[in-house]
Amino acid sequence: MTPEAPRTDPVRLGPRAVVVLTLVSLTGLAAFCWPLLAAHGSAVAAHSADAPWLFAALLPLLVAVVIATIADNGVDPKAVAMLGMLAAAGAALRPLGAGTAGIEPMFFLMVLSGRVLGPGFGFALGSLTMFASALLTGGVGPWLPFQMLAMGWVTMGAGLLPRPSLRGRPELLMLAVYGAVAAVAYGTVMNLQGWPYIAGLASDVSYSPHLSLGANLARFATYCLTTSLGWDLPRAALTAVLSFTLGPTLLKALRRATRHASFSPTTTFTPPAG
């Protein structure tokens, strides 16, 4: 049997794009985790109502910088078309489970697309899909930049999974496990984004700048268990089931489309001098 050709990513991450993406991801982590990173009783922690708005204004600019840097490395027009098509499909899938116990079928599409098309394409796809779905559903607000970054991480992570040549049931199992973990992780980091907003509204679970890190971590865990776990677990289960059952068909379609699009650079031959 002829071995399958290695994956050719339609969006290639050059050294500059990797540096920019790393810096933006670190800034994003600070944006999500600042309540836990701020020193006990510090002036930063006292601005729990202001910081989310500051990061909400900053993150769209940073995501735009990443996408612009990735595009600066050269993006094939066919890759742009595929990006638009998959982002539209993901945006259309998201409202199907809106408000229904976290049933969000778009997650499995993001995971499988990132697996086939690579981390650079994955980050751009995840971010743009959340932006498009927010416009479609009217879900624009200070949470949107955080959703764009978090979904960019989810889809990029699928592109970074090991052994691109892995096929069959082992690959599907890996994608199902990754999709379930990523779905819960997405909900958890989004909880970090919204947690400071409820300061003072629920004394047992709200963030308090006057408490220690350990006490706030305990409150955050309680907040997750009582507010979002009922959405995160069904999302994780659906993502795993769809990845395992519909994965073979979708992976085959994405890989066939990638091969037909011929994203690899065109080889040119220079005639010998003289």
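Biologist: Okay, buried means under 20% relative accessible area, exposed over 50%, and partly exposed in between (1.4 Å probe, protein chains only). How much of this protein is buried?

Modeller: Of its 274 residues, 48% are buried. This is a predicted model, with local features needing pLDDT of at least 70 and side-chain atom pairs counting only at pLDDT 80 or more, while totals for chains, interfaces and linings use all residues. Residues are numbered from 1 along each chain as its sequence is written, and side-chain values use heavy atoms, leaving out hydrogens and water.

Biologist: Which residues does UniProt annotate as "transmembrane region"?

Modeller: The unreviewed entry lists 17-39, 51-71, 77-96, 116-137, 143-161, 173-192 and 236-254. Positions follow the numbering used here, feature names are shortened, and annotations may be inferred rather than shown by experiment. In the model, residues 143-161 are 84% helix and 0% strand, with end C-alpha atoms 28 Å apart. For 236-254 it's 95% helix and 0% strand, and the ends are 22 Å apart.

Biologist: Take H6. Is it mostly covered or exposed?

Modeller: Mostly covered: 16 of its 16 residues are buried. The expected span of a helix is 1.5 Å times one less than its number of residues. H6 should therefore span 22 Å, and its end C-alpha atoms are 23 Å apart, which agrees.

Biologist: And which residues of H9 are buried?

Modeller: Asp 232, Arg 235, Ala 236, Thr 239, Ala 240, Leu 242 and Ser 243. With 17 residues, H9 should span 24 Å, and that agrees with the 24 Å between its end C-alpha atoms.

Biologist: Switching to cores. How many residues does the largest nonpolar core have?

Modeller: It has 51, and Leu 86, Met 151 and Tyr 186 make the most contacts inside it. Helices H1, H3, H4, H5, H6, H7, H9 and H10 each supply at least two of its residues. A nonpolar core is a set of buried Ala, Val, Leu, Ile, Met, Phe, Trp, Tyr and Cys residues joined through side-chain atoms within 4.5 Å.

Biologist: What does Leu 86 touch?

Modeller: Leaving aside residues up to four places away in sequence, its partners include Leu 109, Met 110, Phe 121 and Leu 254. Contact means heavy atoms within 4.5 Å. Apart from that core lies another, of nine residues, among them Trp 34, Val 205, Tyr 207 and Phe 220.

Biologist: How many aromatic pairs are there?

Modeller: Four. Rings of Phe, Tyr and Trp (its six-membered ring) pair if their centres lie within 6.5 Å; planes under 30 degrees apart are stacked, over 60 edge-to-face, and the rest tilted. Phe 32 and Trp 153 have centres 5.7 Å apart and planes at 50°, so that pair is tilted. It links distant parts of the chain, with Phe 32 in H1 and Trp 153 in H6, 121 residues apart. Both residues are buried, and together with Phe 146 they form one aromatic cluster.

Biologist: Last one: where is Ala 79?

Modeller: In helix H3. Ala 79 counts as buried because its relative accessibility is 1%. Its C-alpha atom is separated by 8.8 Å from that of Thr 258, 179 residues apart along the chain.

Notes. Helices (H or I, at least four residues) and strands (E, at least two) are DSSP runs, numbered from the N terminus.
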